[in-house]
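Reader: Before I rely on any of the terms used for this model, I would like to see each one set against its definition.

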Amino acid sequence: MRGLDLDYMAGLVPVILGYVPKTMAMASVAMVLALLLAALLAIVRVLKLPVIDQFVAVFISFFRGTPLLVQLFLFYYGLPQLMPTLSKIDGVTAAIIGLTLHFSAYMAESIRAAILGVDRSQWEAAESIGMTRAQMLRRIILPQAARIAAPTLMNYYIDVIKSTSLAFTLGVTEMMGAAQKEAAGSFLYLEAFLVVAVIYWLLVEALSFVQRALERNMQKAFAR
Amino acid sequence: MTTDCHISIAGLTKRFGTNTVLNDINLNLTPGERVAIIGPSGTGKSTLLRCLNFLDRPDAARITIGDLSVDAASATRAEILALRRRTGFVFQNYALFANKTARQNITEGLVTVRGWSRSKADARADEVLASIGLTDKADSYPAALSGGQQQRIGIGRAMALDGDLLLFDEPTSALDPEWVGEVLDLIRQIADGRQTMLIVTHEMQFAREIADRVVFMEGGRIVEQGPPAQIFDAPEDERTRAFLRRVTAGNGNAEG
């Protein structure tokens with residue numbers, strides 16, 4: 001057994017760090033889109049809008065019921081067979097779409113639970129002053145639901161960041177893809193994957209720190 | 001404020017499943033009239049108020065406020081909104097918007113529903129806050145207010161919208177005894193302004209003081225109604241007498 005090639009690892013760190021912005025950009029775009037979609041899906045479910053509600057239920061069931069990797073392959077390699085225009089989509093776009101759909105299904109369920117967690121009296125008070133349903137949701141219910149859902153949604157963001165590593169299977173060179181390429185050239189797999197693992201870990205730890213600070217801050221609000 | 005808006009409730013019936021909670025209720029209010037509803041718990045008093053602005057949808061009713069007349073059987077969403085915009089509702093548990101300050105609770109309906117400018121709504125809210133004596137709490141969130149303060153804001157929120165009818169659903173029942181007085185004082189002040197109001201209450205002495213007319217309900221029906229002196233001192237129906245005996249035998253609390 002030989003020791004780790006520390007010099008190689010030290011040299012690899014800046015290379016992988018160079019891909020952090022790309023990973024974070026993919027994750028953040030997917031997160032924002034997924035949040036918007038999830039909020040819409042959750043509202044459809046809470047209001048039990050006829051017909052659409054059934055579609056949304058099936059959508060959520062599918063994207064929670066199948067692995068993300070399978071979904072990504074289905075979009076990137078499978079769908080162009082049906083719709084040839086899709087073959088022009090690059091790996092980054094496909095990964096963002098896949099992550100968005102996948103995580104929107106999970107987050108829709110969290111947001112739905114959070115909306116249902118807002119006290120019944122808040123809906124009634126909003127009704128009593130003559131608000132429309134859209135006004136109630138936007139002004140009263142969603143702001144309170146956001147507070148309830150925030151910790152869970154932050155966890156999903158962390159999950160999205162880690163899941164971007166699957167984009168390398170679509171030929172995208174992000175942190176994981178870069179590590180893979182480096183390892184393939186040097187045959188130093190352990191070193192390369194160790195470096196990428198530690199960088200993911202530090203990234204997530206930094207975010208968890210921010211998350212805890214935000215949560216402390218949120219507990220303070222509404223109690224002035 | 002005085003409105004010249006007649007209010008009529010005709011044939012109001014509400015069922016929960018097979019249980020008929022309100023059975024053919026008919027009630028008219030003249031402009032500026034203050035009507036108190038009393039009766040045993042579980043007799044449909046709160047449900048009656050909640051049916052008037054469709055928080056609970058009546059199975060049958062024609063509700064008329066001035067020139068607006070809504071039939072429960074065919075009520076559209078627009079008609080229900082219109083009805084709610086002409087009534088103010090004060091909840092037993094205050095139901096202040098938890099994500100809004102005291103002032104924002106008052107301005108919310110003015111800005112979002114009425115379409116007022118922020119500055120006009122703020123000016124109106126400051127007037128209301130002054131009249132309910134909570135100017136210094138304008139920027140407090142509900143969680144930082146006492147029950148009595150929250151209920152006064154709840155009343156202010158309903159007042160600010162200047163509806164033709166104010167509905168009070170047991171406004172002091174959830175309060176610690178120490179806060180009941182300040183809330184009753186505020187309602188008395190509003191009643192003195194001849195605001196048309198319908199108030200469900202367990203505070204018999206209070207009902208006697210502020211009401212022009214007292215309605216006694218039992219089993220989902222109006223049993224007897226009349227001026228406070230008649231209902232409290234010379235009730236005609238045996239059920240009214242039995243209820244008042246029970247209430248006065250206790251400490252003024254009609255639960256049971």
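Author: What follows takes the terms for the interface and then those for chain B. This is a predicted model, in which local features need pLDDT of at least 70 and side-chain atom pairs count only at pLDDT 80 or more, while totals for chains, interfaces and linings use all residues. Residues are numbered from 1 along each chain as its sequence is written, and side-chain values use heavy atoms, with hydrogens and water left out.

Reader: How do you know what area is buried between chain B and chain A?

Author: Buried area is the accessible area (1.4 Å probe) that two parts lose on being put together, summed over both, and here the value is about 2,200 Å², with carbon and sulfur atoms giving 54%. On the side of chain B, Phe97(B), Asn99(B) and Tyr141(B) lose the most area to chain A, together 24% of what that side buries.

Reader: Why is chain B called as compact as a globular protein of that length?

Author: The radius of gyration, taken over C-alpha atoms, is set against the globule rule, 2.2 Å times the number of residues to the power 0.38. Chain B has a radius of 18 Å, close to the 18 Å that the rule gives for 256 residues, so the description holds. Its C-alpha atoms fill a box of roughly 55 × 45 × 35 Å, taken along the principal axes.

Terms used:
Chains are lettered from A and ligands numbered from 1 in the order in which they are written.
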